[in-house]
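Biologist: I have just opened this model and would like a guided tour, please. Could you take me through it slowly?

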Amino acid sequence: MIPLSAPTPAGPPGPATAPAAPAAPAAPAAPPDPSAALSLRGLWKRFGQKIAVAGVDLDVPAGSFYGLVGPNGAGKTTTLSMATGLLRPDFGVATVLGTDMWADTDAAKRLLGVLPDGVRLFDRLTGAQLITYAGLLRGLDRETVAARAEDLLVAMDLVADRDTFVVDYSAGMTKKVALAAALIHAPRVLVLDEPFEAVDPVSAANIRDILRGYVDDGGTVVVSSHVMDLVQRMCSHVAVVAGGHVLAAGTVDEVRGEQSLEDRFVDLVGGRKDGEGLAWLRSSSASS
Ligand SMILES: Nc1ncnc2c1ncn2[C@@H]1O[C@H](COP(=O)(O)OP(=O)(O)OP(=O)(O)O)[C@@H](O)[C@H]1O
């Protein structure tokens with residue numbers, strides 16, 4: 001997809017430069033692309049008065065490392081939840097390698113590994129039990145599950161805490177054990193919501209290596225992240241989302257042009273504040 005130009009400013013609510021949400025979804029421009037790892041057409045979700053996702057069209061090429069970036073509340077998690085079978089769209093279609101997520105959910109979910117944001121785990125299991133449980137739920141035999149669980153505990157640096165209950169894990173350890181659970185059935189497409197949040201730098205580097213190897217072997221990774229530098233270094237493709245719309249999408253080089261991805265992101269999304277309203281916070285102006 002060719003990067004879109006910066007949108008013209010629209011009225012509130014939502015980010016200052018995001019286009020205003022139309023009152024009703026328009027018909028998708030084209031059918032989903034069956035060759036794409038993920039193909040989204042006209043995805044739309046409203047929560048009460050809030051239109052969280054307002055007609056997202058996106059193709060994630062098979063074999064790509066795809067970054068989804070956007071400001072807080074842009075609609076990233078809602079979009080990924082609809083694409084991965086966690087949240088039913090009001091309108092629109094999501095396909096995984098040509099399989100319709102909402103018409104053939106079981107088949108589509110078999111192709112996917114998902115690290116959702118903020119979804120409760122079975123945290124009264126130990127780390128080893130949780131990974132094992134995920135493998136058995138996916139229909140793998142016990143021998144395969146046992147071997148892969150060991151490999152994943154090593155890869156995620158969780159061997160020493162294998163018998164600790166997940167409820168007692170730190171935020172980063174919880175993220176890693178959830179990622180291990182998402183990987184155990186060797187899915188064709190991985191969708192990871194904020195996979196590096198709270199993860200220490202060494203573990204993050206290990207996870208990046210795992211994900212790069214996975215893509216090199218033909219898998220597809222979709223990550224949402226707020227860390228532009230990471231997305232610029234790690235991803236082949238990126239989509240910038242704000243106000244429930246895709247503002248730009250394509251290869252990282254297409255989207256950023258001559259700028260850094262971070263500068264391009266700020267140009268597209270806008271919303272920089274000068275802090276004038278917080279004069280009282282400056283020590284030099286404190287009166288007591
Ligand atoms: N279950 C819900 N009920 C009501 N509003 C919701 C719900 N889920 C999301 N929203 C709203 O939809 C909008 C998009 O939220 P979403 O979580 O998709 O954004 P995001 O891009 O993932 O944000 P962040 O980067 O902060 O995680 C926000 O305004 C949010 O308040």
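Predicted model: local features only at pLDDT ≥ 70, side-chain atom pairs only at ≥ 80, totals over all residues.

Biologist: Fine. How many helices and strands does the protein have?

Modeller: The protein has 9 helices and 10 strands, where helices (H or I, at least four residues) and strands (E, at least two) are DSSP runs numbered from the N terminus.

Biologist: And which strands form the open sheet with mixed pairing?

Modeller: That open sheet has 6 strands in the order E6-E7-E8-E3-E9-E10, and two strands count as paired if DSSP finds at least two bridges between them. Strand E6 (112-115) and strand E10 (245-251) are at the edges with a single partner strand each, so one side of each has no neighbour in the sheet. From one strand to the next, the twist averages 15°, with axes taken as lines fitted to C-alpha atoms, for helices over the stretch in contact, and angles running from 0 to 180 degrees between N-to-C directions.

Biologist: What packs on that sheet?

Modeller: Helix H5 (residues 171-183) packs on it, touching E6 and strand E7 (189-193), and its direction makes about 170° with that of E6; contact here means that the C-beta atoms of two residues, placed from the backbone, lie within 7 Å. Helix H9 (residues 261-269) lies across E3, strand E9 (237-242) and E10, and runs at about 30° to E9.

Biologist: Let's stay with E7. How many of its residues are buried?

Modeller: 5 of the 5 residues of E7 are buried, so this strand is largely enclosed by the rest of the structure. A residue is called buried if 20 or more other C-beta atoms lie within 10 Å of its own, exposed if 12 or fewer, and partly exposed in between, with C-beta atoms placed from the backbone. Val189, Val191 and Asp193 point one way from E7, whereas Leu190 and Leu192 point the other way. In a regular strand the side chains alternate between the two faces of the sheet.

Biologist: Which way do its neighbours run?

Modeller: E6 and E7 run parallel and are joined by 4 bridges, with Leu112 having Val189 in E7 as its bridge partner. E7 and E8 also run parallel, joined by 5 bridges, and Leu190 stands opposite Val221 in E8. Between E7 and E8 the chain passes through helix H6 (residues 201-216), and this β-α-β crossover is right-handed, the term used if, with the strands pointing away from the viewer, the path from the first strand over the helix to the second runs clockwise.

Biologist: What does Leu190 touch?

Modeller: Not counting residues up to four places away in sequence, Leu190 touches Gly113, Ala182, Tyr214, Gly219 and Val221. Leu190 is buried, with 24 other C-beta atoms within 10 Å.

Biologist: Changing topic, what about the other sheet?

Modeller: There, 4 strands form an open sheet in the order E2-E1-E4-E5, with antiparallel pairing. Strand E2 (50-60) and strand E5 (99-100) stand at its edges, each with a single partner strand, so one side of each lacks a neighbour in the sheet. Helix H1 (residues 76-83) packs on this sheet, touching E1, E2 and strand E4 (91-96), and its direction makes about 120° with that of E1.

Biologist: Where is the ligand in relation to H1?

Modeller: H1 gives the most to the shell around the ligand, with 3 residues. The residues surrounding the ligand include Phe47, Lys50, Ala52, Gly73, Lys76, Thr77 and Thr78, each counted as near if its C-beta atom, placed from the backbone, lies within 6 Å of the molecule.

Biologist: How far apart are Leu190 and Gly73?

Modeller: Leu190 and Gly73 are 117 residues apart in sequence and 22 Å apart in space, C-alpha to C-alpha.

Biologist: Last one: which residues have the most contacts inside the largest nonpolar core?

Modeller: Those are Leu38, Ile131, Val177 and Val240, in a core of 77 residues, meaning a set of buried Ala, Val, Leu, Ile, Met, Phe, Trp, Tyr and Cys residues joined through C-beta atoms within 7 Å. H5 gives the most to this core, with 8 residues. Across the protein, buried residues make up 43% of the 288 residues.

Key
Residues numbered from 1 in each chain as written.
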